[in-house]
Amino acid sequence: MQYIRIQHIDDPLFAKMHRLMQEVFPPEEVLEYSLWKEPLEDPGIRVFVAVHDGEVVGATEYRYYTDLNVAMTDFTIIGREGLGIGRFLAKQREKDLHALAAENGKELYGMFAEIYDPYRVEEHAFGGIKPMDPFVRREVLSHLGYKRTNFSYVHPSWQNDGEAVSGLDLGFMPTDENQTELSADLIVTFLKRYYAVLPEKPAAWLKMVEGLSAKATVELLPL
């Protein structure tokens, strides 16, 4: 299996990846095809696909913020069972991020991820691919070391229609597995930067950020 970075919208592998995203994710979670041009060409956004026998069987997008020394996993897609795609992507991503942090003269502080709560959202079938089932994914992310930030989380829809998307938790995987809290200011700074690309912010998101700004820390709880 190959771990290949995509950096241009005209890369034939991107068309295959975008089609896989549409099969797996709900519409509000998938950025429209043409809007991927700038993100793919952004050196700070890292989009990789797992290629097996010429086909895109998995994908992951993530980014590393040098000033914050944290990463964000935008998404991970496992498109086929029985190939070990999840572990392959996780290990390759981890290796890449630790190298980026080392280039920055630091040890990676941790990584954010939005994680579906299947106990609140049950309708997502994720293309019928069992490893993508929200219950399975949540348990896998827990095993990887992700924890749940203790506040009610929403995010702006990627359709940029001003709607708030709920049914997720904001997770964080600290490098120090004994860490039990996170700076609220770090969360606010990260969220404002991450969603700066979407001008239409829902009122619920603005209220959430305002509430976080009034706190010093946020608990990290088990998933």
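This is a predicted model: local features need pLDDT of at least 70, side-chain atom pairs count only at pLDDT 80 or more; totals for chains, interfaces and linings use all residues.
1. First, a term I'll need: a polar contact here is a pair of N or O atoms within 3.5 Å.

2. Staying with H5, its buried residues are Ala-184, Leu-186, Ile-187, Val-188, Phe-190, Leu-191 and Tyr-194. As a reminder, an α-helix has 3.6 residues a turn, so residues three or four places apart point the same way. Tyr-194 is the one to remember from that list, as its side chain makes a polar contact with the side chain of Asp-74 (2.6 Å).

3. On the overall layout, the protein splits into domain 1 (1–108) and domain 2 (113–222). Their contact draws 23 residues from domain 1 and 25 residues from domain 2. Taken over C-alpha atoms, the two domain centres are 18 Å apart.

4. Where does the largest pocket lie? Both domain 1 and domain 2 give residues to its lining, so the pocket lies between them. Its volume is about 1000 Å³. There are 43 lining residues, and Glu-61, Thr-73, Asp-74, Phe-75 and Thr-76 are the closest to the centre.

5. Helices H2 (37–41), H3 (85–103), H4 (134–144) and H5 (184–194) each supply at least two lining residues, and so do strands S3 (55–65), S4 (70–78) and S5 (110–116). Sorted by class, the lining of the largest pocket has 26 nonpolar, 12 charged and five polar residues.

6. Is Asp-74 buried or exposed? Its relative accessible area is 16%, and the cut-off for buried is under 20%, so Asp-74 counts as buried.

7. The surroundings of Asp-74 are worth checking on screen. Besides the Tyr-194 pairing, its side chain makes a polar contact with that of Arg-63 (2.8 Å). Setting aside residues up to four places away in sequence, Asp-74 touches Glu-61, Tyr-62, Arg-63 and Tyr-194.

8. Now the second largest pocket, which holds about 320 Å³ of space. Its 14 lining residues include Ala-90, Glu-94, Met-111, Leu-144 and Met-173, the ones nearest its centre.

9. Leu-223 lies in the segment after strand S11 (217–221) and is partly exposed, at 25% relative accessible area. In sequence Leu-223 and Arg-138 are 85 residues apart, yet their C-alpha atoms are 7.2 Å apart in space. Leaving out neighbours within four places in sequence, Leu-223 is in contact with Ile-115, Arg-138, Leu-141, Ser-142, Tyr-146, Lys-147 and Arg-148.

Key: Residues are numbered from 1 along each chain as its sequence is written. Side-chain values use heavy atoms; hydrogens and water are left out. On a 1 Å grid over the protein atoms alone, a cavity is a set of points where a 1.4 Å probe fits but cannot get out, and a pocket is an open set with protein on both sides within 12 Å along at least five of seven lines; lining residues have an atom within 4 Å of a point. Grid points are joined across faces, edges and corners, and a volume is the space filled by probe spheres set on the points. Helices (H or I, at least four residues) and strands (E, at least two) are DSSP runs, numbered from the N terminus. Ala, Val, Leu, Ile, Met, Phe, Trp, Tyr, Cys and Pro count as nonpolar, Asp, Glu, Lys and Arg as charged, and the others, Gly among them, as polar. Domain bounds come from an automatic or database domain assignment. Buried means under 20% relative accessible area, exposed over 50%, partly exposed in between (1.4 Å probe, protein chains only). A polar contact is a pair of N or O atoms within 3.5 Å; within protein, one must be able to donate a hydrogen and the other to accept it, and residues adjacent in sequence count only if both atoms are side-chain atoms. Contact means heavy atoms within 4.5 Å.
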